[in-house]
Amino acid sequence: MGPQSAGGRAAVPSVLAAVQQAVDAFAEGFERAQRQAVRQEEAARREFIDDLLYGRSDLGRLAERAERFGLRLAQAHAVAVAQGPTAYEEGDPVPRQVERALISRFGDRSTLLTTKGGRLLCVAPGHQDEVLTHFAKHAHAATDGGRVAIGRPRPGPGGVVHSYEEALNTLELAERLDLEDPVLRAADLLVYPVLARDRQAMAELVLATLGPLTTARGGPRPLLDTLTAYFDSGCVAAEAARRLALSVRALTYRLERIHRLTGANPADPAHRYMLQTAVIGARLLDWPDQDL
């Protein structure tokens, strides 16, 4: 009996090693299957978003697929888009961080978070503005100060596309106008698309109002920047001077030069609206860097 017991004891380590190998193999296979499932889910979500935004599927089939992701396309939805200093893809740390923040706060509340064109994209029911606000807060932080734009709620599959395009246009507008707010709502900036809608009329206003600045020594840019800072600061000379790193006296001199060249006085309310609209138009049309 003694020799048999010794042999049994000697076999125990090998049996345990075999069991451990089997457990490790099972765990590795399970993790591999999980990763594969996640990749398949991400691919399905990207394909759905592409079809939704580019209309590559019939509406009935699209609505069925949308329910898989918690969206009911008959309802109104709004889209928020976050843009950071780099491009993001699903599965990257930043999108996952933002997704965890949304789930921990709202759970699964008919919200779709994905990436598109290197940006983060969140689709939420139109009446749940708090979801998009929370997304904007965490996306801004996760992207190290990136900018977020929120489109207006729109009904139906086409409404998602419309809201998405509004958000994209708002991001472009913010960059062109050097808007400082980290979170921008398309509903708050409707005046700018209206102004830009008739490009020819806007170009004529810019040239007629600000064109004389091209005769100034050093070109129109310093005086145009002066007007921009003056209007952005609420026509407060001291604040505008601070933004331009000028003395108030130097700023006042520049405003007087603008008055002499254009015939319009920035400090006169009767002239201010025309000048400010022309300045906005110049920024929208990238004048004077681009010829009108």
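This is a short tour of the structure, stop by stop.

**Before you start**

The model is predicted: local features need pLDDT of at least 70, side-chain atom pairs count only at pLDDT 80 or more, and totals for chains, interfaces and linings use all residues. Residues are numbered from 1 along each chain as its sequence is written, and side-chain values use heavy atoms, with hydrogens and water left out.

**Stop 1: the whole chain**

Show the chain as a cartoon. It has eleven helices and six strands. These are DSSP runs, numbered from the N terminus: helices are H or I with at least four residues, strands are E with at least two. Of the 292 residues, 39% are buried. Buried means under 20% relative accessible area, exposed means over 50%, and partly exposed lies in between (1.4 Å probe, protein chains only). Now think about contacts, meaning heavy atoms within 4.5 Å. Among contacts between residues at least 6 apart in sequence, 66% join residues at least 24 apart.

**Stop 2: the largest core**

Select Leu 210 and Leu 227. They have the most contacts inside the largest nonpolar core, which has 34 residues. A nonpolar core is a set of buried Ala, Val, Leu, Ile, Met, Phe, Trp, Tyr and Cys residues joined through side-chain atoms within 4.5 Å. Colour the helices that each supply at least two residues of this core: α5 (156-177), α6 (191-197), α7 (199-210), α8 (221-232), α9 (237-244), α10 (248-262) and α11 (269-284).

Stay on Leu 227. Skip its neighbours within four places in sequence. Leu 227 then contacts Leu 210, Leu 213, Ile 258, Pro 266, Leu 275 and Val 279. A second, separate core of 20 residues includes Ala 80, Val 94, Val 98 and Leu 120.

**Stop 3: Val 279**

Select Val 279 in helix α11. Is Val 279 buried or exposed? Val 279 is buried, because its relative accessible area is 2%. Beyond residues up to four places away in sequence, Val 279 touches Leu 210, Leu 224, Leu 227, Thr 228 and Phe 231.

Move to Thr 228, in helix α8. Thr 228 counts as buried, because its relative accessibility is 14%. Apart from neighbours within four places in sequence, Thr 228 contacts Val 279 and Arg 283.

**Stop 4: α8 against α9**

Show α8 and α9 together. Their axes come within 8 Å and cross at roughly 130°. Axes are lines fitted to C-alpha atoms, for helices over the stretch in contact, and angles run from 0 to 180 degrees between N-to-C directions. The two helices are therefore oblique to each other. Angles under 35 degrees count as roughly parallel, over 145 as roughly antiparallel, 65 to 115 as roughly perpendicular, and the rest as oblique.

Show the side chains. Asp 225, Thr 226, Ala 229, Tyr 230 and Asp 232 of α8 meet Ala 237, Ala 240, Arg 243 and Leu 244 of α9.

Click Ala 237, in helix α9. Ala 237 counts as partly exposed, because its relative accessibility is 26%. Not counting residues up to four places away in sequence, Ala 237 touches Tyr 230, Val 248 and Leu 251.

**Stop 5: α3 against α4**

Finish with helix α3 (residues 93-106) and helix α4 (residues 129-142). Their axes come within 9 Å and cross at roughly 145°. On the α3 side, the contact includes Val 94, Val 98 and Leu 102. On the α4 side, Val 131, Phe 135 and His 138 are among the residues involved.
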